[in-house]
Structures are given as C-alpha cells and as structure tokens.
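Colleague: Please show me the model, and then let us discuss how its parts pack together.

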Amino acid sequence: MLVIFFVLMLAFLAYILLPLAQDSYWPFVKRGALAGIQGDKKEGLWAISDVDFEYEMGKLTREDYISTRESLKKEALHVLERERDLSERIALKPGKEISEGLKKDITREVLRICGKKLSS
Amino acid sequence: MIDFGKYSLLFSFILSILVQTGLSVGIKKRDGRFVDMAYRGVKVIFVFLTLAVGILIYAFITNDFRIEYVASYSEKSLPVFYKVTGLWAGQKGSLLFWTWLLSIFAFITVRRDENKPNSVFLPYVLVFLNLTMMFFLVLVSFVTPPFEMLARFPADGNGLNPLLQNPGMVFHPPTLYLGYVGFTVPFAFAMAALVMGDLGDWWIKKTRAWTLFSWVFLTLGIIFGGWWAYKELGWGGVWGWDPVENSSFMPWLTATAFLHSVIIQERRGMLKIWNLSLILLTFALSIFGTFITRSGIISSVHAFGQSPVGYVFLGFLFIILAAGIYLIRTRYEKLREKNPRIEAFLCRESSFLYNNIILVGICFATFWGTIFPLISEAVKGVKISVGPPFFNTINSPLFLLLLILMAVCPLLGWRRTSTKGMLKNFLIPFSVMAVSLPLLYIAGIREFMPVFFFSFSVFVIATVAREFYLGTKAGVKNSGMGWMSSFMSLVLRNRRRYGGFVVHVGMVFIILGLAGYGYYQYKEDFNLKKGQEITVKHYRLKYIDLANFEKWNYEAVGSLIEIYRSGKFAGILRPEKRFYKKQEPSTEVAILPSLAEDLYLILGSWNPDGSITLTVVINPVISWLWIGTGVVLFGTVWAVLPRRRRDDEVDVLEKDIIIYLRGTGAG
C-alpha cells in the first residue's frame with residue numbers, strides 16, 4: 001500500500017514539474033496607465049448614477065440634486081479629458097491600451113446601476 | 001493508513017516550499033513556467049490535505065485508538081455524528097482542519113484566475129496565501145502532528161468532552177474557522193496590492209465575495225457559539241464576554257468596519273490606507289484569537305484548548321503585523337495621492353466613517369478588557385479580570401450609537417445633504433419611531449437604554465422599509481412596471497445595496513434579542529417537592545417526578561416539569577444532569593421557546609426524598625437573536641449572488657457613457 005502511495009506522490013510531483021519542460025514564457029498583461037484613469041471614470045459614473053437614483057427615489061431635494069450632480073459631472077468630464085490626453089500622449093486611440101473586456105465591464109456596470117439603455 | 005496521513009502532511013509541506021520557490025523565481029525572472037508550477041503545487045497540496053483529513057475522519061469512525069488524537073477525543077460508544085466532529089474537537093485536528101480549509105481557498109483562488117491574462121496579481125497573492133499555509137503545515141507536520149501514534153494503545157478512547165456533545169458545537173467551530181481562514185484571502189490580495197504598488201480598488205472588488213463569505217461565516221460561528229453556550233453551559237445567557245468569545249468578536253468588528261469602508265473607496269477613492277489597515281488588523285486578530293484560545297494565557301470557558309502552541313501563533317502574529325505595517329509604510333506616499341476629502345459633516349461618507357470609528361472603538365475596548373489581566377499582572381503582579389460589567393458599560397452606548405448610524409446613514413446623501421433634504425428624509429422614519437415610544441411604555445420598556453435600543457431598532461426598520469418603498473415607486477414611475485415587477489427588478493438589479501439593507505434588519509433582530517434578555521432577564525431559584533406547583537410571572541410549573549435513564553454513553557437524572565402558560569398546558573420540560581462514563585458530569589437545560597420569550601429551566605440538585613432545586617429563567621425576545629441570524633445569512637447570500645449578464649448591455653459603446661454624462665439629469 002505504501003508503495004502505491006509513493007508512486008502516487010511521484011506522479012503528482014511529475015505533474016507539478018511538467019511546465020519546466022516547456023520554453024520560457026510570461027503570460028500576463030500588465031494593467032496599463034489608462035486602467036487607473038478608467039477606474040476613476042467608473043467611480044465618477046457610479047457616483048452620478050447613485051445621485052440620479054436617489055433623486056428618482058425622492059430622497060434628494062432638487063437643489064441638492066442639481067448642485068451635487070453638477071460637481072460630479074465636472075469631475076467625470078475632467079477624468080474623460082485626462083483619459084483622452086493620456087491616450088494621445090502615448091499615441092494610442094482612447095481605449096486601445098485597456099482591454100475591450102474591461103471597457104465592456106464598465107459600460108455594463110453603468111447600465112446595471114442605471115437600469116436603462118444609455119444611448120439616445 | 002496512518003502512515004498515509006503522516007506522509008500526506010509531510011509531502012504537502014515539501015510542496016509548499018516548492019510552491020514558494022516557484023513563485024519567487026517566476027516573479028523575479030518573469031518566467032511563467034515557474035508560476036504554472038506553483039499553481040499546480042497549490043492544487044496538489046489541496047489533494048493531499050484532503051486525503052489527510054479523510055484518513056483522520058476514517059480513523060475516528062473506525063475507532064483507531066492507535067492514534068493519540070483519536071484516543072483522546074473519541075470512544076467506541078460515541079455516535080458517528082460526534083465521531084466525525086472529533087476532527088475539530090482538539091487542537092491537532094483543529095489545526096489540520098484549518099490548514100485544509102486554507103488549501104481549499106488557495107485552490108479556488110488559483111482556479112478562478114489562473115487562465116486570465118490580466119491576472120498578474122495572482123502569483124503575488126499566492127505568495128502570501130502559501131506563506132500562511134506553510135506556517136500551518138509546519139504546525140501540523142512537526143509541532144502538533146495529528147497522526148501521532150501511541151506506544152501502547154487503549155482498548156477504548158477517553159471520549160469527547162460532554163460540552164462538545166451538542167449540535168451547537170458541531171457547527172460552531174467549522175463556521176468560525178471558515179470565517180477566520182476566509183479572511184486570509186482578502187489579506188493576501190491586500191498585501192499583493194502593496195507589493196505590486198497597484199493600489200486601486202481592484203483587490204477590493206476581487207475579494208468582495210471572499211470578504212462577505214468570511215464575514216457571514218464568522219457571524220454564524222459567533223452566533224452558533226452563543227447558541228451552544230445557551231444550551232450547554234447552563235447559566236441562562238448567550239454571551240459572557242469570555243476572552244475566547246471576545247477573540248472571535250474582535251475580527252468580526254474590524255471586518256464589519258472593512259465591509260463598510262471599502263464602499264467609500266470604491267465610490268470615492270477614499271480611505272485606502274484605512275482599508276488596508278483594517279484587513280491587516282482583521283487577519284491579525286484572527287490569529288490573535290487563536291493565540292488566546294490555544295495558549296490558555298487568560299482563563300476561559302474554552303480551557304480545553306490550552307497548549308504551548310499558542311506562543312507560536314504569537315510569533316506569527318508579530319511577523320504578520322510587522323510585514324503589513326512595513327508594506328503600508330513603504331507605499332504611504334502613493335496611498336495618499338488622489339485622496340479626496342469628505343465634504344460635509346453629515347453625508348453618507350462621513351456616516352460610514354463614524355460607523356468605522358465606533359466599530360474600531362468597540363474592538364479596542366474589547367481588546368483592552370480581554371488583555372487587562374495580562375497588563376495588571378505585568379504592572380501589579382496580580383491577574384485582575386474585568387467582567388461583563390466593564391464590557392457592557394463601555395460597549396452598550398457604543399452599540400447604541402452604531403444602531404443610530406444604521407438608522408441614519410441611508411437617509412443621508414453622498415457628498416452633502418441640505419437641512420431641507422435631511423428633514424424630508426427623516427420625517428417618516430422619525431415619526432414611526434415616535435409612535436413606537438408610547439407602545440414601548442405600555443409594554444413595560446421604560447428604562448433609558450432599552451428605550452433607546454428598541455426605539456432606534458424601529459427607526460432602522462422604518463428606514464429600510466422606506467428605501468424599498470421609494471426604490472419600487474421610482475421603478476413604477478419611470479418604467480411603467482407594476483409594483484411587484486418593479487420591486488423584483490429593484491432587488492435583483494441592486495443586490496448589494498438591498499442585500500445590505502436586509503442584513504441591517506437581521507442585525508436589528510439580533511440586537512433586539514440581546515437587549516431583551518440583557519435588560520429584562522428574570523431568574524429565580526426554587527426548592528420543590530414532588531407534586532408542588534409554583535407560579536413564575538404568567539407560567540405555572542408543576543414538579544412531577546425525578547427520573548433516571550441511560551443513553552449511549554451516559555446516565556442521566558432528569559426532573560419532569562409540567563408547564564402551563566397563561567393557564568393553558570404548554571408542555572413538559574426535562575432539565576437534567578448527565579453522568580458520562582469517562583468524562584465530567586454536565587448540566588442539560590430544558591427550554592420552552594417562543595417568539596415572545598424563552599422559559600429556561602436548570603436542574604440544580606436533588607435529595608433522597610425526591611425534592612429538587614430548580615432555577616427558572618425567563619429570557620424575553622431571545623428567539624429573535626436566532627431569527628436575526630437567519631435574516632443576516634439571507635441578506636448576505638442575496639448581496640453576494642452573482643449577477644446575470646445581459647448581452648444587450650455589452651454592446652453599448654463608451655460614447656454612450658459620454659452622452660449620458662452630457663445629456664441627462666440636471667445638466
């Protein structure tokens with residue numbers, strides 16, 4: 001029985017060491033500089049959709065809603081501008097460096113919160 | 001078979017060294033082959049630890065008393081159910097169980113992200129997960145080996161501590177361990193973020209489910225522990241501020257603070273250092289809890305857990321704290337970048353911050369009270385323990401503040417709320433609370449603290465109900481859906497938000513249960529002769545007889561008591577004393593539960609003429625503690641359930657977001 005166990009251990013050890021028989025590779029794509037700004041953009045959109053939702057619920061007065069949304073919108077547009085600037089500086093179209101998947105994730109998140117299709 | 005167990009542990013330890021080597025070389029040389037090797041190693045460790053756990057359980061079931069651990073915690077006549085739970089009855093098995101859980105979590109972490117090209121963080125996360133696992137593998141392989149053999153093995157084992165022969169103890173340790181061990185994952189992600197210098201909120205999002213999972217299991221573990229104490233320790237309560245109870249409560253407090261403060265980081269990019277510190281503290285407190293439980297340095301009802309291994313945990317604790325603080329210090333400047341300020345004294349962000357301060361304050365008070373015997377011994381040479389009065393005096397007002405924040409927080413807007421807006425939001429919940437005050441007075445709740453606890457509980461529930469109502473109403477108005485469709489759409493689309501509200505309702509029920517029995521418990525001792533009747537409040541109790549009986553591994557003496565509630569027959573209770581063949585006697589209480597109160601009977605002693613001493617306890621609304629736990633569980637599961645993806649959402653382009661920004665609302 002103990003022999004079977006040791007054979008089993010050796011088999012698993014071989015399984016673990018098997019990747020070393022391949023050529024060297026590095027499978028990871030590092031998150032780009034734009035990813036950070038993308039995160040800021042997402043935060044801004046979350047905040048706006050929260051304010052919209054709370055206004056729709058009747059939890060915010062019109063004055064609170066207008067002033068809060070205005071300041072949030074300014075910040076979000078500023079983030080979008082930063083994103084465009086950075087993209088131009090690194091000679092990439094906006095969104096090129098970040099993956100399509102991440103972009104879709106952000107869009108999906110916005111839609112989820114807003115609960116409606118955004119395009120006019 | 002026993003050798004299989006031993007070698008499985010040893011092999012797992014060797015593999016953990018291989019994994020660590022693979023990760024270090026892979027990260028340093030940017031060589032994916034070594035990282036892949038480490039991933040495979042993690043999976044194989046899980047396989048071999050599963051084998052070791054299976055072998056130990058098998059040894060318990062088959063009464064293999066050659067193993068010292070099995071002989072110490074089992075016996076032939078023990079039901080199979082309790083034999084299986086012998087795995088975590090003692091220290092050696094508990095640590096194996098802990099290590100096994102950690103290997104499961106490491107396995108899941110690898111499987112979730114190993115094939116994603118952007119999972120560059122995974123090797124770094126595994127470094128910390130594997131280091132923790134190595135520590136536990138050293139313990140179970142060399143310091144407290146569960147497969148240690150006896151030179152001369154007995155024909156039968158010592159049996160399981162009677163206090164552990166209770167369903168509460170079957171669930172309490174595993175759920176608590178799931179909570180403790182679960183926090184290793186967010187801790188590892190946080191440390192990985194620090195090492196990588198990628199300090200956004202990605203690690204919070206990646207570990208959201210882990211954090212909620214660990215939190216809910218820690219909650220369940222604590223409550224199951226309370227349930228066990230209530231049923232088994234025979235003093236009529238659920239929480240005695242015992243050092244070991246406190247040691248599970250402290251990480252719960254910091255984890256609860258973390259759950260709230262990460263929302264601020266996700267929404268506003270604030271509190272990055274605070275969040276990293278909280279998860280470090282939560283993990284460190286989990287290890288501290290194990291140190292308290294296992295060292296026996298402070299006397300506790302969990303005295304069965306004492307051993308020198310506690311000091312090994314203390315060493316590990318210092319290493320964790322030193323490494324965590326060092327990493328946070330090295331990234332301090334970067335963490336302080338882009339750190340927006342809270343704009344108003346009263347807004348959603350500030351209320352979350354106050355909530356955090358209070359939770360950490362309760363944690364600090366509890367920590368201070370727990371370690372006070374050590375401090376007093378160091379200063380005065382005498383161990384002075386602070387009892388429940390200290391903890392209740394300090395923590396009750398803080399809990400009340402927490403309850404008030406739970407009520408107020410959803411009524412505040414993000415960033416700022418005008419006085420007009422606040423008045424509008426507070427009007428209905430406050431009115432409901434005001435209406436509850438005379439009702440509480442009529443119900444006999446007139447003391448300062450209970451009135452506050454109960455009335456603000458009403459406030460919280462009114463606030464939550466209003467949130468659901470307004471959200472549903474907005475859906476009806478905007479999309480023309482019916483009320484039910486709108487409600488379902490609301491709770492399905494915003495699971496985290498509304499799951500969180502459900503958790504708040506559950507917490508209110510738990511607080512109600514604790515406050516009810518804490519402030520209004522009734523307790524009285526009686527000497528009764530056979531046939532004698534007594535009246536306790538609206539209960540009539542008639543002592544019928546004393547009976548002896550025998551079960552699988554004990555004999556018992558039980559007193560039969562007929563119970564009449566408000567004149568109507570409600571049942572027969574049998575509080576008893578059990579005499580185990582190989583263990584100390586134990587007291588088994590008898591409980592008649594209801595939503596309004598529990599009638600709780602404890603058999604004290606009996607005389608040759610058949611007379612007995614009986615303690616009668618009435619615990620108001622304590623059932624709501626258990627109901628609240630169920631509600632918390634439901635709310636957490638709801639909040640953590642994965643969302644269903646909609647294909648039509650995926651195709652919307654970024655320009656739509658810009659249109660949204662420029663085109664809607666007040667702009």
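Modeller: A residue is buried if 20 or more other C-beta atoms lie within 10 Å of its own, exposed if 12 or fewer, and partly exposed in between, with C-beta atoms placed from the backbone. This is a predicted model, in which local features need pLDDT of at least 70 and side-chain atom pairs count only at pLDDT 80 or more, while totals for chains, interfaces and linings use all residues. Residues are numbered from 1 along each chain as its sequence is written, and chains are lettered from A and ligands numbered from 1 in the order in which they are written.

Colleague: What percentage of the residues of chain A count as buried?

Modeller: Chain A follows the pattern α-α-α-α along its sequence, with helices taken as DSSP runs (H or I, at least four residues) and strands likewise (E, at least two), numbered from the N terminus. It has 4 helices and 0 strands. Of its 120 residues, the share that counts as buried is 33%.

Colleague: How do helix 10 and helix 21 of chain B lie to each other?

Modeller: Helix 10 (residues 208-233) and helix 21 (residues 623-640) of chain B pack at an angle of about 170°, with their axes 10 Å apart. Axes are lines fitted to C-alpha atoms, for helices over the stretch in contact, and angles run from 0 to 180 degrees between N-to-C directions. Angles under 35 degrees count as roughly parallel, over 145 as roughly antiparallel, 65 to 115 as roughly perpendicular and the rest as oblique. Helix 10 of chain B and helix 21 of chain B are therefore roughly antiparallel.

Colleague: Why is helix 8 of chain B described as oblique to helix 13 of chain B?

Modeller: Helix 8 (residues 184-196) and helix 13 (residues 309-330) of chain B have axes 9 Å apart and pack at an angle of about 40°. Because of that angle, the relation of helix 8 of chain B to helix 13 of chain B is oblique.
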